[in-house]
Amino acid sequence: MNATIWHNPACGTSRKTLAILQETPGVRLSVVEYLKNPYSADKLRQLFADAGVAPRDALRLRGTDAEERGLKDASDDEIIAAMAANPAYVERPFVETDKGARLCRPQDRVHEIL
């Protein structure tokens with residue numbers, strides 16, 4: 001099975017999710033450090049649709065200025081544009097496999113797509 005994790009090495013949940021993927025037999029893993037290789041707006045739209053989450057549900061408020069910038073009440077398109085410009089606004093980690101995509105908070109949600 002192919003799996004891609006959009007990973008932030010500074011995030012404990014992301015590290016735990018990565019460990020689950022690395023320990024799962026048969027997983028061919030790609031790791032994208034999204035702070036170094038940001039998402040495109042189209043990729044965000046696709047991940048959100050596949051994971052069944054709204055952009056607002058994937059907006060990281062803690063540790064960012066997203067709320068002060070009014071993103072909590074912004075439109076989906078405005079949120080996605082802000083996320084594409086500043087990937088720190090994206091909650092983490094997202095994982096995509098042959099079985100779908102999930103926002104893996106908590107990390108055990110990754111098992112739903114393995």
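Predicted model: local features only at pLDDT ≥ 70, side-chain atom pairs only at ≥ 80, totals over all residues.
Residues are numbered from 1 along each chain as its sequence is written, and side-chain values use heavy atoms, with hydrogens and water left out.

Start with the sheet. Helices (H or I, at least four residues) and strands (E, at least two) are DSSP runs, numbered from the N terminus. Strands of a sheet pair through backbone hydrogen bonds, either parallel or antiparallel; here, two strands pair if DSSP finds at least two bridges between them. The order in this open sheet of 4 strands is E2-E1-E3-E4, with mixed pairing. E2 and E4 (100-103) are the edge strands, each pairing on one side only. E3 and E4 pair in the antiparallel sense over 4 bridges, and Phe94 has Leu103 in E4 as its bridge partner.

Now look at helix H1. Its 12 residues (12-23) should span 16 Å at 1.5 Å a residue, and its end C-alpha atoms are 16 Å apart, which agrees; the expected span is 1.5 Å times one less than the number of residues. Thr13, Ser14, Thr17, Leu18, Ile20 and Leu21 are buried in H1. They lie on the same side of H1 because they cover an arc of only 155° around the axis, taken from the directions from the helix axis to the C-beta atoms. Buried means under 20% relative accessible area, exposed over 50%, and partly exposed in between (1.4 Å probe, protein chains only). The face turned away from the buried side carries exposed Gln22 and Glu23. The buried residues of H1 pack against E1 (2-7), E2 (28-33) and E3 (94-97), where contact means heavy atoms within 4.5 Å.

Back to the rings. Rings of Phe, Tyr and Trp (its six-membered ring) pair if their centres lie within 6.5 Å; planes under 30 degrees apart count as stacked, over 60 as edge-to-face and the rest as tilted. By this rule there are 3 aromatic pairs. Trp6 and Tyr39 are stacked, at 6.2 Å centre to centre with 20° between the planes. Trp6 is in strand E1 and Tyr39 in the loop between E2 and helix H2 (41-51), 33 residues apart. Tyr34 and Tyr39 form a tilted pair, at 5.4 Å and 35°. With 0% relative accessibility, Tyr34 counts as buried.
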